[in-house]
Amino acid sequence: GFLTAEEAQGNPAWGALLEVLAAQSRVARLCTAPTGGGPELVLAAERRGLFRALFPDRTIGWNAVAGEPPSSPTEREWGPDEALVEIVRGRLEGLGPVSATDLAGSLGLGQARIDAALAVLQAEGSALRGCFTPGTAAEEWCERRLLARIHRYTVKRLRAEISPVTARDFLRFLGAWQRLTPETRMQGPDAVGVALSQLEGFEAPAAAWEAEILPARIAEYEPAWLDEQCLAGRFVWVRLPSRSDESRRGAGPVRSTPIALLARRDVRLWAALADVPRAEHLTAPARAVSDCLRERGASFFDEIVDGARLLPAQAEEALAELVANGLARSDSFSGLRALLVPADRRRGPRSVGGQRLRRARRAALYGMADSGRWTLVRGAATDQGATAGRGGATADRGEAVEHLVRALLRRWGVLFWKLLVREASWVPPWREILMCCRRLEARGEIRGGRFVAGFSGEQYAVPDAIGLLRDVRRSSGADESLSLSAADPLNLIGIVTPGPRLAALTGNRMLYRDGLPIATLAAGEVTFLERLDPSEEWAARNAVLRSGSRPLGELERIGSRVTSS
């Protein structure tokens with residue numbers, strides 16, 4: 001559209017070129033101030049109608065020899081405001097990010113008129129405003145397509161800075177990222193909230209949470225810490241049924257029921273991704289307990305026994321069935337814990353002896369009478385053929401997918417399609433997650449690139465993970481072993497590493513050494529994945545057979561005490 005005199009003189013080669021164009025009457029000069037002293041513009045001949053409308057009392061100076069080119073019969077008449085909008089549009093196409101103050105200064109106009117023109121361009125989607133230049137606090141404007149080009153160049157440059165790591169280094173990274181190594185392992189009650197935030201939405205067998213997963217990340221884990229998080233309303237435990245489950249042939253044992261721990265305020269987002277729990281195959285006692293909870297609301301165990309007119313053992317079995325179907329939960333994790341510990345282990349000896357009475361009090365932590373209040377999962381379809389949705393405000397699908405993507409990035413640090421194999425079956429397909437990741441990258445919240453070698457498809461990572469990946473790539477392994485349950489999220493054998501997969505059961509175990517799986521335990525049999533010396537094989541067998549370097553979970557210790565008593 002036009003150049004200022006300073007811009008024309010800024011490049012020495014432009015002077016001669018502008019003289020050639022002026023000799024052909026293709027450019028002209030215009031002083032925006034009536035008496036001089038204002039900005040001098042070099043404008044294109046095809047834009048003269050716009051500048052005449054904007055500056056009707058100014059004279060456009062053409063080459064004295066060539067003169068003004070003839071007017072076109074199709075040249076339209078412009079109003080001052082329309083002309084200013086078109087001039088500002090052309091200016092934005094040539095400058096990139098620029099402030100309204102600079103635009104006003106180049107034309108010698110007041111900023112109020114420039115702001116009005118920019119508002120018109122913003123309303124039609126041609127111009128966007130924001131802070132685009134690093135280190136610039138002033139608000140800037142940029143033409144939409146030009147800003148998209150700048151963004152593509154920026155993303156391409158950032159992606160080129162990434163050097164991928166091997167799958168082995170990625171597993172070493174995950175050990176530190178998920179706080180499983182001795183140096184990164186957490187301790188104290190506050191660590192439970194941090195661990196659950198990273199594991200939010202991950203489904204694991206109910207028996208594995210306190211026996212394996214949390215103790216692997218928190219030193220000297222205590223069950224009361226998880227109860228505190230649940231009773232405070234920060235987290236809830238629930239089973240989220242899969243939309244692909246068409247059989248619905250009843251519920252399995254509670255110990256193997258896939259349970260997820262979710263932030264209470266985000267339950268509606270997770271519920272939008274999973275199916276509505278149904279109860280087509282409930283037994284009579286389970287239906288009686290369900291009816292009692294629906295009529296009375298949240299109830300303690302003794303209230304359920306009285307309201308459902310069942311024996312305590314029957315009410316307990318009915319609650320276990322409802323939990324396995326994803327229909328009921330309790331306020332604290334102690335309710336689920338009570339269903340996991342067999343009844344004979346929960347009933348400690350009631351004697352007046354000091355030691356025996358102390359064991360009885362500890363065993364009572366797992367009794368149904370102390371499990372808190374029980375309630376139906378909100379929105380559960382408890383009638384035959386019911387199709388009611390989950391109660392309360394429903395979450396938008398896009399909002400729910402974005403929350404899921406953020407949770408996956410917190411868990412893995414780096415996200416690519418292969419890792420979805422380790423997630424629940426109700427997780428949306430990769431194409432939905434991919435579109436969300438692209439939006440987050442466009443906002444600058446995450447980075448795209450090739451982070452882990454050997455895996456096809458797009459990969460994305462949070463900024464904090466990129467620095468840790470670099471550190472892992474530069475450092476050599478410390479010959480550290482990590483023994484974990486196969487129910488742990490880090491069970492990526494056959495997913496990230498080659499070979500057959502290891503079933504994600506609580507009783508199965510695996511042994512990593514510097515990110516390399518070397519042994520597995522399945523069905524009571526140890527299998528070595530790498531050739532080892534006899535002494536190393538003996539040490540690896542002992543490591544995979546026991547619960548690794550961590551102490552036994554509190555649930556296992558108390559269960560063994562009660563059994564021995």
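**Aromatic pairs and a buried arginine**

Mentor: In this predicted model, a search of the whole structure finds nine aromatic pairs. One of them joins Y221 and W225, with 6.2 Å from centre to centre and 85° between the planes.

Trainee: Why is the pair of Y221 and W225 called edge-to-face?

Mentor: Ring centres must lie within 6.5 Å to pair, and planes over 60 degrees apart count as edge-to-face. The centres of Y221 and W225 are 6.2 Å apart and their planes stand at 85°, so the pair is edge-to-face.

Trainee: What makes Y221 count as buried?

Mentor: Buried means under 20% relative accessible area. Y221 has 3%, and therefore counts as buried. W225, with 17%, is under the cut-off as well, so W225 is also buried.

Trainee: What makes the pair of W237 and F333 edge-to-face?

Mentor: The ring centres of W237 and F333 are 6.5 Å apart and the planes stand at 75°. Since the angle is over 60 degrees, the pair is edge-to-face.

Trainee: Which parts does the pair of W237 and F333 tie together?

Mentor: W237 belongs to strand β10 (residues 235-238), while F333 belongs to helix α16 (residues 333-340), so the pair ties together parts that are 96 residues apart in sequence. Both W237 and F333 are buried.

Trainee: Which residues do ring pairs link into a cluster?

Mentor: The cluster consists of F170, F173, W177, F416 and F455.

Trainee: How do you know that the charged end of R76 sits over the ring of W78?

Mentor: The distance must be within 6 Å of the ring centre, and the charge must also lie within 35 degrees of the ring normal. For R76 the distance to the centre of the W78 ring is 3.8 Å, and its charged end is found to sit over that ring.

Trainee: Where does R422 lie?

Mentor: R422 is in the loop between β14 (414-415) and α20 (430-442).

Trainee: Why is R422 said to have no salt bridge?

Mentor: A salt bridge needs a side-chain nitrogen of Lys or Arg within 4 Å of a carboxyl oxygen of Asp or Glu. The nearest side chain of opposite charge to the buried R422 is D488, 6.7 Å away, so R422 has no salt bridge.

Trainee: What lies 2.8 Å from a polar atom of the side chain of R422?

Mentor: The backbone oxygen of D488 lies at that distance. The backbone oxygen of N491 is 3.1 Å from a polar atom of the R422 side chain. Leaving aside neighbours within four places in sequence, R422 is in contact with residues including F202, W412, P489 and L492.

Terms used
Residues are numbered from 1 along each chain as its sequence is written. This is a predicted model: local features need pLDDT of at least 70, side-chain atom pairs count only at pLDDT 80 or more; totals for chains, interfaces and linings use all residues. Side-chain values use heavy atoms; hydrogens and water are left out. Rings of Phe, Tyr and Trp (its six-membered ring) pair if their centres lie within 6.5 Å; planes under 30 degrees apart count as stacked, over 60 as edge-to-face and the rest as tilted. Buried means under 20% relative accessible area, exposed over 50%, partly exposed in between (1.4 Å probe, protein chains only). Helices (H or I, at least four residues) and strands (E, at least two) are DSSP runs, numbered from the N terminus. Lys and Arg count as positive and Asp and Glu as negative; His and the chain ends are not counted. A polar contact is a pair of N or O atoms within 3.5 Å; within protein, one must be able to donate a hydrogen and the other to accept it, and residues adjacent in sequence count only if both atoms are side-chain atoms. Contact means heavy atoms within 4.5 Å.
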